[in-house]
Amino acid sequence: MSNLKHSLESGPRTPDPLRRPGRRQVLAGLAGIAALPVLAACSSDDPLAAQAGNADGKNYIAGDGSVLEIGPDERGEPVQFSSILFSGEPISTDSLVGDPAVLNFWYAACAPCRVEAPDLQALHEELEPQGVRFVGVNVRDTVATAQAFERNFGITYPSVEDLNGQVLLAMTDYVPPQAVPTTIVLDRQGRVSARILGIAERSTLRTLITTVLGEQA
């Protein structure tokens, strides 16, 4: 029996099959995102963040908030990618193996990304001492725009610049091309253990991370 479960949702749900779109589909989705206007960030009383949950005519594709948790025996192979952080340092999945990791796909003008940003930073501060690594994957912004967002929201964990879509392409079994934000939890082996489509609610994400923290390496 499959251990795939939506244990954190209200009531049982059957996950949609994870289908891998082609490179043309993914890059077309990125091009659509990149054509959207950049709005100034504001960490409090944010009118753009208030748009979260109502994507009609807005500048993002809303996730449905679904939570997928994958049991240890059902997880696929470790994910593989390499890229460059906005700081200029290289990063790869090999450098994440050994500890749980959280990958958050975001961009600055994404309303739900702005809503979840304080919770992601709070969890980073709470769980970093236990070895949990947080990495953002920015799918559309220039360095200046991304760093302005990070300053305004007090984000201290690093982000990857993914304008070319390499990281997103590596994760398309789990991350729909235009479903931003999406948050992925990796276990100590670099395998996907959980996914949240849409805003990552703090207590839900903490529970998903705690699960892999409790697993043996």
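Reader: Let us start with Ala-179: is this residue buried or exposed?
Author: This is a predicted model. In it, Ala-179 is buried, because its relative accessible area is 9%, and the cut-off for buried is under 20%.

Reader: Where does Ala-179 lie?
Author: Ala-179 is in the loop that connects helix 4 (166–170) with strand 7. Its C-alpha atom is separated by 7.1 Å from that of Gly-198, and the two residues are 19 apart along the chain.

Reader: Turning to the sheet, what is the order of its strands?
Author: The order is 1-8-7-4-5-6, in an open sheet of six strands with mixed pairing. Strand 1 (67–69) and strand 6 (159–161) are the edge strands, each pairing on one side only.

Reader: How many bridges join strand 5 to strand 6?
Author: Three bridges join them, and the two strands run parallel. Gly-136 stands opposite Ser-159 of strand 6.

Reader: Which strands does helix 2 lie across?
Author: Helix 2 lies across strand 4, strand 5 and strand 7, and runs at about 160 degrees to strand 4. The buried residues of helix 2, among them Leu-120, Leu-123 and Leu-127, also pack against helix 3 (143–153) and helix 5 (202–213).

Reader: And where does helix 2 bend?
Author: The bend, of about 40 degrees, is at Ala-117, with a proline, Pro-118, following within four residues.

Reader: Finally, which residues touch the most other members of the largest nonpolar core?
Author: Leu-103, Phe-105, Met-171, Ile-184 and Ile-209 do, in a core of 52 residues. Leu-103 touches residues including Phe-81, Val-135 and Met-171.

How values were computed
Residues are numbered from 1 along each chain as its sequence is written. This is a predicted model: local features need pLDDT of at least 70, side-chain atom pairs count only at pLDDT 80 or more; totals for chains, interfaces and linings use all residues. Side-chain values use heavy atoms; hydrogens and water are left out. The bend at a residue is the angle between axes fitted to the seven residues ending there and the seven starting there. Buried means under 20% relative accessible area, exposed over 50%, partly exposed in between (1.4 Å probe, protein chains only). Contact means heavy atoms within 4.5 Å. A nonpolar core is a set of buried Ala, Val, Leu, Ile, Met, Phe, Trp, Tyr and Cys residues joined through side-chain atoms within 4.5 Å. Two strands pair if DSSP finds at least two bridges between them. Axes are lines fitted to C-alpha atoms, for helices over the stretch in contact, and angles run from 0 to 180 degrees between N-to-C directions. Lists of a residue's contacts leave out its neighbours within four places in sequence.
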